[in-house]
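Subject: Structure handover

Hello,

Here is the structure I said I would pass on. My notes follow below it, beginning with the ligand.

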Amino acid sequence: MIQFKNVSKTFAVGKREIHAVQDVSLQVNQGDIFGVIGFSGAGKSTLLRLVNQLEYPTKGSIYIRDTDISKLSARELRKQRSQIGMVFQNFNLLTSRNVFGNIAYPLKVAGYKKQAIKERVNELLTFVGLTDKANDYPEQLSGGQKQRVGIARALASSPEILICDEATSALDPETTEDILRLLKKVNRELGVTILLITHEMRVIQSICDKVAVMENGRVIETGEVFDVFTNPQQLTTRRFIQSVQKDLPSESILKEWQKTNGGKLYQVIFKGSATVDPILSTITKQYDVDFNIVYGSVQELQEKLFGNMIISFVGSEQNTKKVLGELEKRVEIKEVY
Ligand SMILES: Nc1ncnc2c1ncn2[C@@H]1O[C@H](COP(=O)(O)OP(=O)(O)OP(=O)(O)O)[C@@H](O)[C@H]1O
Ligand SMILES: [Mg+2]
């Protein structure tokens, strides 16, 4: 659906060159919710602005469907732009128009007839759950309601693609979840492909199918959210994951454990269907070893389970070794303390 091929964007500021995006190749498939995560200045917004041609690449090309978007005529470009909806962090609503007027605005500009606009706007108000707010002005709305208007407006011309620049960054955690649910509904019910950028891992965790991690203008890691979460390759990726999911207790708790209980601690990671309890209890029983769960969590990611347990074994050294040998065949296990 959207393909970046070796895309770079360099800004010249006086004599200095800023390499905002460097040699990025990415493929966003139709129906994906694709998230790009990175710290401030990583180049995320620039990457998005290249898609709707608010910026042009210095090198490389961007394809939407099979078209190189740099080759579009002015007329084709206008048409292309109407196929891409954009949602902003600060909502960008017109303060002088009410909710109805804000959603109607792009349709008015595109020359739709009054009756058609009315029908479409009412449809969108129902979809985003704001039918009772049609006559309110932006200043009368909460942040979450403003973003619902922003999303309805972006959907007005029935785009195939929605691009979101930090759409939830100005919202509290609960409202963030609300808006993310709405974006998921846009994707699942309307079949809209979503490309979003964020610096919050919980946004990726909550709705994205695929993720790319950006650092200094480059994509340093990309893949299915489940795979990247359960097996991150880069330090930056790990830091983002740790912001939503602590995989180890703090050092002081580990020390305390060591002092009072002694023995080694192991981290067991299990994915998908490998539920850890029966595996652990069956194998330890077989060798007359007990186990303690010291710390752990099981999470759902992309409708799959992902668990992380810190455990210790109580039993003879020889039997514990055998247990470890058996476990290694079934789950990921490593000594952590
Ligand atoms: N128009 C511009 N002129 C010069 N430099 C720019 C321009 N736009 C972006 N940059 C620079 O490019 C780099 C990437 O900026 P960008 O806005 O894409 O980052 P970002 O990942 O979106 O960051 P944030 O999370 O803070 O929004 C930064 O160093 C920024 O200063
Ligand atoms: Mg940005």
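**The ligand shell**

Sorted by class, the shell around ligand 1 consists of six nonpolar, five polar and one charged residues. Please keep in mind throughout that this is a predicted model.

The residues around ligand 1 are F11, V13, I18, A20, F39, S40, G41, A42, G43, K44, S45 and T46. At least two residues of this shell come from each of strand 1 (2–13), strand 2 (16–28) and helix 1 (44–51). Helix 1 gives the largest share, with three residues.

Which atoms of G41, G43 and K44 lie by the oxygen atoms of ligand 1? For G41, a backbone N or O atom is 2.8 Å from an oxygen atom of the ligand. For G43, a polar backbone atom lies 2.9 Å from an oxygen atom of ligand 1. With K44 the side chain is involved: one of its N or O atoms is 2.8 Å from an oxygen atom of ligand 1. On its own the ligand has 630 Å² of accessible area, and the protein covers 61% of that.

**Helix 1 and what follows**

Helix 1 is largely enclosed by the rest of the structure, because six of its eight residues are buried. The buried residues of helix 1 are K44, T46, L47, L48, L50 and V51. K44 and T46 also belong to the shell around ligand 1.

Just after helix 1 comes Q53, with a positive phi of about 60°. Q53 is a residue other than glycine, and its place is in the loop between helix 1 and strand 4 (59–64). Is Q53 buried or exposed? Its relative accessibility is 7%, so Q53 counts as buried.

**Strand 3**

Strand 3 (residues 33–37) is mostly covered, with five of its five residues buried. In a regular strand, side chains alternate between the two faces of the sheet. In strand 3, I33, G35 and I37 point one way, while F34 and V36 point the other way, and all are buried.

Which strands pair with strand 3? One is strand 8 (residues 193–198), which pairs with strand 3 in the parallel sense over five bridges. Another is strand 9 (residues 210–215), which runs parallel to strand 3 and is joined to it by four bridges.

**Two loop residues**

F91 sits in the loop between strand 6 (84–87) and helix 3 (99–109). Its phi is near 70°, a positive value in a residue other than glycine. F91 counts as buried because its relative accessibility is 12%, and the cut-off for buried is under 20%.

T168 lies in the loop between strand 7 (161–165) and helix 6 (173–190). At 4% relative accessibility, T168 is buried too. What is T168 in contact with, leaving aside its neighbours within four places in sequence? The contacts are T176, I179, L180, E200 and V203.

**K334**

K334 is part of strand 14 (residues 332–335). Neighbours within four places in sequence aside, K334 is in contact with L265, Y266 and Q267. M309 is 25 residues from K334 in sequence, and the two C-alpha atoms are 11 Å apart in space.

**The protein as a whole**

The protein has twelve helices and 14 strands. Along the principal axes, its C-alpha atoms fill a box of roughly 80 × 50 × 35 Å. Of the 337 residues in the protein, 47% are buried. The accessible surface comes to about 17400 Å², and carbon and sulfur atoms account for 47% of that area.

How many of the contacts between residues at least 6 apart in sequence join residues at least 24 apart? The share is 69%.

Regards

Conventions: Residues numbered from 1 in each chain as written. Chains lettered and ligands numbered in written order. Heavy atoms only, no water. Near = heavy atom within 4 Å. Polar contact = N/O pair within 3.5 Å; in protein donor to acceptor, adjacent residues only side chain to side chain. Areas by Shrake-Rupley, 256 points an atom, 1.4 Å probe, with all protein chains shown as cover. Nonpolar A, V, L, I, M, F, W, Y, C, P; charged D, E, K, R; others polar. Buried < 20%, exposed > 50% of the residue type's maximum accessible area, 1.4 Å probe, protein only. Contact = heavy atoms within 4.5 Å. Pairing = 2+ DSSP bridges.
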